[in-house]
Amino acid sequence: MVEYKKNVYVFDHPLIQHKLTLIRDKNTGVKEFRELVEEIAMLMAYEVTRNLPLKEVEIETPVGVAKCKVISGRKLAIVPILRAGLGMVDGLLKLIPAAKVGHIGLYRDPETLKPVEYYCKLPQDVHERDIIVLDPMLATGGSASAAFDYIKRYNPQSLKLMCLIAAPEGIERLTQDHPDVEIYCAAVDEKLNDHGYIVPGLGDAGDRLFGTK
């Protein structure tokens, strides 16, 4: 993992880069695309959760007593931005099964490229939790910024964004609007096109996940 800029981290792990290449390929089908997105999210979660605090406990093994480490009561919540963020949820839950899951529904107006909110449901104790927001693509940054605007009303403990591919424009927007949010991505691509899509990107992540293109 390399630091792209302050609070922005790009994963350079060979497994992540290999799987990212496969999901970029236009010939990758829906089933394989879904599986790969879940796998990449799980691999990324390994690093995103690296700084979780630990505490020492004493347990009894079949042959003796051992002093071991467990996560020190840190509460996590996973919040996918609908609908494409749903494809990343199961990858994280396989590693963090006790995490609660919220949902934020946003779509990008095709004319203005601005986010429109249509649904939001967060855990009741969100103020006690570290939040990981999931969205495969950080394009204009508008949807992610709006999601963090909303979540911050509840004063969570910390905020992170996990995405697969980011555009420089999206990174710039989000770091300006929310400099306290850590951004984790698998690639930073060249630019946005006139329609607000990341170039070269992978197309519309939601359509490719759910077979709706």
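Predicted model: local features only at pLDDT ≥ 70, side-chain atom pairs only at ≥ 80, totals over all residues.
User: With which side chain does the side chain of aspartate 189 make a polar contact?

Analyst: With that of arginine 24, at 2.8 Å.

User: Where is aspartate 189, and is it buried or exposed?

Analyst: Helices (H or I, at least four residues) and strands (E, at least two) are DSSP runs, numbered from the N terminus. Aspartate 189 sits in the loop between strand 14 (187–188) and strand 15 (191–192). For burial, the cut-offs are under 20% relative accessible area for buried and over 50% for exposed, with partly exposed in between (1.4 Å probe, protein chains only). Aspartate 189 counts as buried because its relative accessibility is 9%.

User: Which residues does aspartate 189 touch?

Analyst: Contact means heavy atoms within 4.5 Å. Not counting residues up to four places away in sequence, aspartate 189 touches Arg24, Ile165, Ala166, Pro168, Ile198, Val199, Pro200 and Gly201. Take proline 168: it is 21 residues from aspartate 189 along the chain, yet their C-alpha atoms are separated by 7.1 Å.

User: What joins valine 199 and proline 200?

Analyst: To read a peptide bond, look at the angle omega. Valine 199 and proline 200 are joined by a cis peptide bond, with omega about 0°. Proline 200 is in the loop between strand 16 (198–199) and helix 6 (205–210). The bond from leucine 82 to arginine 83 is also cis, with omega near 5°. Arginine 83 lies in the loop between strand 5 (76–82) and helix 3 (86–95).

User: Where is serine 145, and what does its side chain contact?

Analyst: Serine 145 is in helix 4 (residues 142–151). A polar contact of 2.7 Å joins its side chain to that of aspartate 177. Leaving out residues up to four places away in sequence, serine 145 touches Arg173, Leu174, Asp177 and His178. With 2% relative accessibility, serine 145 counts as buried.

User: What is the phi of asparagine 7, and what is that of asparagine 155?

Analyst: Asparagine 7 has a positive phi of about 65° although it is not a glycine, and phi of asparagine 155 is near 55°. Asparagine 7 lies in the loop between strand 1 (2–5) and strand 2 (8–10), and asparagine 155 in the loop between helix 4 and strand 11 (158–162). Asparagine 7 counts as buried at 15% relative accessibility, whereas asparagine 155, at 56%, counts as exposed.

User: How many helices and strands does the chain have?

Analyst: Six helices and 16 strands. Buried residues make up 46% of the 213 residues.

Conventions
Residues numbered from 1 in each chain as written. Heavy atoms only, no water. Polar contact = N/O pair within 3.5 Å; in protein donor to acceptor, adjacent residues only side chain to side chain.
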